[in-house]
Structure formats: C-alpha cells, structure tokens
Amino acid sequence: MSEQEQEMDISGVKIAIVDDAKTIRMMMSHTLRGMGCEVECAEDGYKALGLLRRFKPDLIFLDITMPELDGYQTCTLIRNAEDTRDTPVVMLSSSDGIFDIAKGQARGATAHVTKIPPESVLRQLIFNHTRQRKVA
C-alpha cells in the first residue's frame, strides 16, 4: 500500500453497489474488496431497498439507468427512508453530462461519477464521504 493509500485507508467501509449490469457489479466489488471494503450488490432499485435495510452500508454506488425503478427514483426513496436518509449516494453514469449531475443532486445524490471509476477516484470518494460518519 502506498503512503497516500495508507493516509486514505477505507478498509472496513461497507459499500452497496446497485447496478443492473453484472459486469459493473463484479468489477467494482472486486476492486473495492481489494481495498478492504465490505461489499454487497443489488441488480435493481427494489432489491437495493431491501439490501440497504439489512446491510446498512456506509456509502451507496447507484446506477442511474436501470429498468423499473431507475437510480433517480431509488435515490429519492433512499432519502425518504429514515434509516438511509443520511447515507452518501454516489450516482454511477455512463456519461458526465451536466443534466445527469443536476438531476442527481435534485434527488439527493451526494456525488456523481462516470463508471467505472479508477481505483484512486473510488478511494477518494469513499474516504471523503465516509470519514465524517466514522468520526461522528
């Protein structure tokens, strides 16, 4: 582990990945587990809601484009539920369009990232959005 990685240690952080693409779930979970995170995945918004109640993640990566319940709708439901209202939600998108970012923010998203983010970006996002919760 490099000195910078040691300074941004995210081991033990609980991450939920919600994406309908199996490849994205597999690649991100493999990378995050390699960083020491606990990872659970769901392939749609409905399954995510059950997962979040059971797993209680420290941070959620949420795909925007999913069938039935899309990422924006799922984010709204996450924000309206008492037990997940304060959990950081990072929207995963195929693009970094201003419309996607603005719509995500309007629904309560904490951040937006183009998938699949590099390891350094993942580490920085997770560290920045979970360290305040660990301190509190």
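Entry 1. I began with Ile116, which lies in the loop between E5 and H6. The model is a predicted one, and I kept that in mind throughout. I looked up the peptide bond from Lys115 to Ile116 and found it to be cis, with omega near -10°. I noted this bond because most peptide bonds are trans.

**Entry 2. Positive phi values.** Most residues other than glycine have a negative phi, so I searched for exceptions. Lys56 is one of them, with phi near 50°. I located Lys56 in the loop between H3 and E3. Its relative accessibility is 51%, and the threshold for exposed is over 50%, so Lys56 counts as exposed. Glu68 also has a positive phi, near 65°. I placed Glu68 in the loop between E3 and H4, and its relative accessible area of 71% makes it exposed.

Entry 3. In soluble globular proteins, nonpolar side chains tend to be buried together.

**Entry 4. Phe61 and Leu92.** I looked up what Phe61 touches, leaving out residues up to four places away in sequence. Its contacts include Ile15, Ala16, Ile17 and Val18, as well as Met28, Leu32, Leu122, Leu125 and Ile126. Val90 and Leu92 are also among them. I followed the last of these residues further. Leu92 is in strand E4 and is buried, with a relative accessible area of 0%. Apart from neighbours within four places in sequence, Leu92 is in contact with Asp19, Met28, Phe61, Leu62, Asp63, Ile64, Val113 and Lys115. I also checked Leu92 against Gly12: they are 80 residues apart in sequence and 22 Å apart in space, C-alpha to C-alpha.

**Entry 5. Ser93.** I stayed in strand E4, which spans residues 89-93 and contains Ser93. Is Ser93 buried or exposed? Ser93 counts as buried, at 4% relative accessibility. Beyond four places in sequence, Ser93 touches Ile64, Asp100, His112, Val113, Thr114 and Lys115.

**Entry 6. Val13.** I found Val13 in the loop between helix H1 (3-7) and strand E1 (14-18). Although in a loop, Val13 is buried, with a relative accessible area of 4%. I looked up its separation from Glu38, 25 residues apart along the chain, and the C-alpha atoms are 6.0 Å from each other.

**Entry 7. The buried side of H4.** Which residues of helix H4 (residues 71-80) are buried? They are Gly71, Tyr72, Thr74, Cys75, Ile78 and Arg79. They cover an arc of only 160° around the axis, so they lie on the same side of H4. An α-helix has 3.6 residues a turn, so residues three or four places apart point the same way. I then looked up what this set packs against: helix H3 (45-55), E3, E4 and helix H5 (98-106).

**Entry 8. Cysteines.** I searched the whole structure for disulfides and found zero. Cys75 is in no disulfide either; its nearest cysteine sulfur, that of Cys41, is 18 Å away. I also noted their accessibility. Cys41 is partly exposed, with a relative accessible area of 31%, whereas Cys75 is buried, at 0%.

**Entry 9. Aromatic rings.** How many aromatic pairs are there? I counted zero. I did find a charge over a ring: the charged end of Lys14 sits over the ring of Phe55, 4.8 Å from its centre.

Notes: Residues numbered from 1 in each chain as written. Predicted model: local features only at pLDDT ≥ 70, side-chain atom pairs only at ≥ 80, totals over all residues. Heavy atoms only, no water. Helix = DSSP H or I, 4+ residues; strand = E, 2+ residues; numbered from the N terminus. Buried < 20%, exposed > 50% of the residue type's maximum accessible area, 1.4 Å probe, protein only. Disulfide = S-S within 2.5 Å. Contact = heavy atoms within 4.5 Å. Phe/Tyr/Trp six-rings, centres within 6.5 Å; stacked < 30°, edge-to-face > 60°. Lys NZ or Arg CZ within 6 Å of the ring centre and 35° of its normal. Arc of directions from axis to C-beta.
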